[in-house]
Amino acid sequence: MSDRIEAKVTHRFRASPERVFDAFVDPVLARRWQAAWLKRSGQNGRLTQSQIDPRVGGSFLLADERESGEARHWGTFLALDRPTKISFSWIVDESEEDDPSIVSMIIEPEPNGPGSVVTLYNDMDAQWEDWLAQTEKGWIAMLTGIEDVIERRDIPPTLNA
């Protein structure tokens, strides 16, 4: 295995760990946060696919059409420990299939309030070092998209698949 690097982001939610966990893995809600993620990340894209099989060993595929073409993100759920942990492989290019990134979301109750704190770790090959800041920005946009769905500030999906 090659050298590894880690992207790390933290996001606070007003929602309980259970609501955050469920919003991430629920196929219907995932379409909504994916659309919100596209909007928040500045991608002028259109949601084209959102498939989630929320079980350990289950796969997912998230895709959207952008000016540069279709962006596809896929992987397999490695851990689903409701409401504290979600872990999955994360692939954006066929060349990564033998050595995918591993993403772990740790969901903890907010120590001083009714909400929760998510810390997301993305362990990836060091070849992506130049993309580390962009990767963290993308994860922040995704977590904020989940918050938009939970707080009902989301935009409706435009899924055509």
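Predicted model: local features only at pLDDT ≥ 70, side-chain atom pairs only at ≥ 80, totals over all residues.

1. Ala-23 is buried, because its relative accessible area is 2%, which falls under the 20% limit used for that label. This residue belongs to helix H1, residues 17-25, and, when residues up to four places away in sequence are not counted, Ala-23 touches Leu-29, Ala-30, Trp-33, Ile-146 and Ile-150.

2. Buried residues make up 47% of the 161 residues, while the chain exposes about 8400 Å², of which carbon and sulfur atoms supply 47%. Among contacts with a separation of 6 or more, 52% are between residues 24 or more positions apart.

3. The largest nonpolar core has 31 residues, and the members that touch the most others are Phe-24, Ile-86, Phe-88 and Met-142. Helix H3, residues 132-150, gives the most to this core, with 7 residues. Leaving aside neighbours within four places in sequence, Phe-88 is in contact with a set of residues that includes Phe-24, Phe-60, Phe-77, Met-105 and Trp-139. In soluble globular proteins, nonpolar side chains tend to be buried together.

4. Is Ser-50 buried or exposed? Ser-50 counts as buried because its relative accessibility is 7%. It lies in strand S2, residues 46-52, and its side chain is joined to that of Gln-34 by a polar contact of 3.4 Å.

5. The whole structure holds 6 salt bridges, and one of them pairs Arg-4 with Asp-123, with the closest N and O atoms 2.9 Å apart. This pair links distant parts of the chain, since Arg-4 is in strand S1 and Asp-123 in strand S7, 119 residues apart. Arg-4 is partly exposed at 23% relative accessible area, and Asp-123 also counts as partly exposed, at 27%.

6. A further salt bridge joins Arg-14 and Glu-151, whose closest N and O atoms are 3.2 Å apart. Here Arg-14 sits in the loop between S1 and H1, whereas Glu-151 sits in the segment after H3, 137 residues apart. Arg-14 counts as exposed at 58% relative accessibility, while Glu-151 is partly exposed at 26%.

7. Arg-55 forms a salt bridge with Asp-53, the closest N and O atoms lying 2.9 Å apart. Elsewhere, salt bridges with shared partners bring Arg-4, Asp-99 and Asp-123 into one network.

Notes: Residues numbered from 1 in each chain as written. Heavy atoms only, no water. Core = buried A, V, L, I, M, F, W, Y, C linked by side-chain atoms within 4.5 Å. Buried < 20%, exposed > 50% of the residue type's maximum accessible area, 1.4 Å probe, protein only. Helix = DSSP H or I, 4+ residues; strand = E, 2+ residues; numbered from the N terminus. Contact = heavy atoms within 4.5 Å. Areas by Shrake-Rupley, 256 points an atom, 1.4 Å probe, with all protein chains shown as cover. Polar contact = N/O pair within 3.5 Å; in protein donor to acceptor, adjacent residues only side chain to side chain. Salt bridge = Lys/Arg side-chain N within 4 Å of Asp/Glu carboxyl O.
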